[in-house]
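Visitor: Before we start, I would like to go through some labels and ask what each one rests on.
Guide: Here is the structure; ask as we go.

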Amino acid sequence: MQPPSDLTRANDRAGPRRGKRGQRTGWSTGACAAAAATAAARGLVTGVVPSQIEILLPQGRRPVFSVAAATLNAGVAQAVVVKDAGDDPDVTHGARIAAQVRTAPHAAGMIRLLGGPGIGRVTRPGLGLRVGEAAINPGPHAYITANLRAAAAELLIRAGLDVTLSIADGERLAQRTLNARLGIVGGLSILGTTGVVYPYSTASFKATVRQGVQVALAQGERTLCFSTGRRTERYCMETFPALPEVCFVQMGDFVGTALDAVREAGITQVLVGGMSGKLAKMAQGLRVTHARKAPVDMAHLAELAARCGATPELCRRIAEGATARWVAELTTEAGLSACFHRALVEAAARALAAGLAAGTRLEVIAFAPDGQLLARTERLCD
């Protein structure tokens with residue numbers, strides 16, 4: 001890694017970077033675990049756990065973390081770092097991430113990372129970790145270990161280090177994540193390839209989508225059902241009750257990531273469920289359907305309605321509108337809902353098929369906000 005500039009050091013010492021409102025970056029569980037472990041290791045070396053600790057992250061960042069609590073007794077040091085997720089709506093924001101470091105006298109030069117309370121265990125293949133291991137992802141594992149080697153180089157000449165990571169209340173917090181679906185039970189994961197968390201977890205959400213695909217693949221499944229959120233996932237599960245839970249993956253706004261993942265994995269059947277707004281953006285060929293990325297193409301929706309027999313006046317109202325839900329309401333009032341939603345799912349299927357491998361069977365389903373199935377279509381990708 002290249003050494004950081006003085007400006008990078010100054011920015012990182014001040015904490016996560018601040019940009020426009022809602023765009024403040026934060027630190028991952030991996031970065032916080034690295035800081036806690038490094039502080040505890042320095043305590044073993046110097047006899048005092050520092051109140052602040054600088055670590056080196058991938059891409060040359062050198063953030064400084066405050067140590068919220070620390071103990072040092074009989075060759076065992078512990079440090080706690082409180083996670084700042086920036087403006088990301090992360091369930092781990094504010095979590096107390098601790099590292100207990102003890103010497104291993106007969107294992108000179110060796111470092112073992114262990115999972116303590118609040119850290120999940122891997123129960124399914126497909127995550128890049130062995131079943132039974134603590135859920136400490138390879139990226140964080142590498143930079144936690146690198147920082148420990150730098151902080152305790154003299155100690156490691158004569159002893160090893162056993163490092164136990166834990167997250168206070170991690171098992172409860174994990175219930176608000178998709179960990180159980182992925183086969184991680186009993187707590188949270190230590191994540192963060194770069195150590196930096198960007199607002200709205202763009203990188204971590206994409207990684208979760210890909211992990212979901214890989215876990216299903218490792219279970220021998222070749223059918224996946226993507227949804228745009230928890231509610232549409234529930235509707236999909238009700239529509240396909242025979243499909244194992246592991247086959248359902250929330251892709252959120254990251255349509256392109258989902259398509260890339262199934263194409264690379266060789267998945268042969270793809271189901272996609274959504275409501276009119278997200279389906280309208282899929283029909284536009286958008287890889288990211290977030291409201292901030294691109295507006296709904298109202299002229300396209302007016303064209304679909306016209307094919308269903310909508311009057312010029314209705315088409316004008318649709319084109320001048322702002323949301324696909326508004327179009328759904330207008331076409332329902334005009335008695336055109338079934339035809340319009342059929343045209344919408346067919347348009348979405350055509351666009352989605354362009355991102356899938358030839359021979360993939362694709363089905364797209366439109367749901368109303370109350371869960372009513374409005375339309376569905378199937379096609380064989382060519």
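**Labels and their grounds**

Guide: Arg-210 is partly exposed, at 34% relative accessible area. Keep in mind that this is a predicted model.

Visitor: What makes the contact of Arg-210 and Glu-264 a salt bridge?
Guide: Their side chains come to 3.0 Å, N to O. The cut-off is within 4 Å for a side-chain nitrogen of Arg and a carboxyl oxygen of Glu, so the pair qualifies. The two residues belong to distant parts of the chain, 54 residues apart, with Arg-210 in helix α7 (residues 202-218) and Glu-264 in helix α9 (residues 255-265).

Visitor: Why does Glu-264 count as exposed?
Guide: Its relative accessibility is 55%. Exposed means over 50%, so Glu-264 passes.

Visitor: Is Asp-260 buried or exposed, and how do you know?
Guide: Asp-260 has a relative accessible area of 14%. Buried means under 20%, so Asp-260 is buried. Its salt-bridge partner Arg-263, with closest N and O atoms 3.0 Å apart, is partly exposed at 36%.

Visitor: What separates Asp-260 and Arg-263 along helix α9?
Guide: About one helical turn, because they are three residues apart in that helix. Asp-260 and Arg-263 also join Arg-287 in a network of salt bridges.

Visitor: What makes Glu-313 and Arg-316 a salt bridge?
Guide: The closest N and O atoms are 2.5 Å apart, and the limit is within 4 Å. In helix α12 (residues 312-319) the two are three residues apart, which means about one helical turn between them. Glu-313 is partly exposed at 42%, and Arg-316 is partly exposed at 38%. Over the whole structure, the search finds 13 salt bridges.

Visitor: How many cavities of 30 Å³ or more does the search find?
Guide: One. The largest cavity has a volume of about 90 Å³. Helices α6 (179-182) and α7 and strand β13 (248-250) each give two or more residues to its lining.

Visitor: Which residues line the largest cavity, and how do they divide by class?
Guide: Among them are Leu-178, Arg-181, Gly-212, Glu-233 and Phe-248. The lining has six nonpolar, three polar and two charged residues. Gly-212 is in the lining, and Gly counts as polar.

Technical notes:
Residues numbered from 1 in each chain as written. Predicted model: local features only at pLDDT ≥ 70, side-chain atom pairs only at ≥ 80, totals over all residues. Heavy atoms only, no water. Helix = DSSP H or I, 4+ residues; strand = E, 2+ residues; numbered from the N terminus. Buried < 20%, exposed > 50% of the residue type's maximum accessible area, 1.4 Å probe, protein only. 1 Å grid on protein atoms, 1.4 Å probe; cavity = no way out; pocket = protein on both sides within 12 Å on 5 of 7 lines; lining within 4 Å. Points joined across faces, edges and corners; volume = space filled by probe spheres on them.
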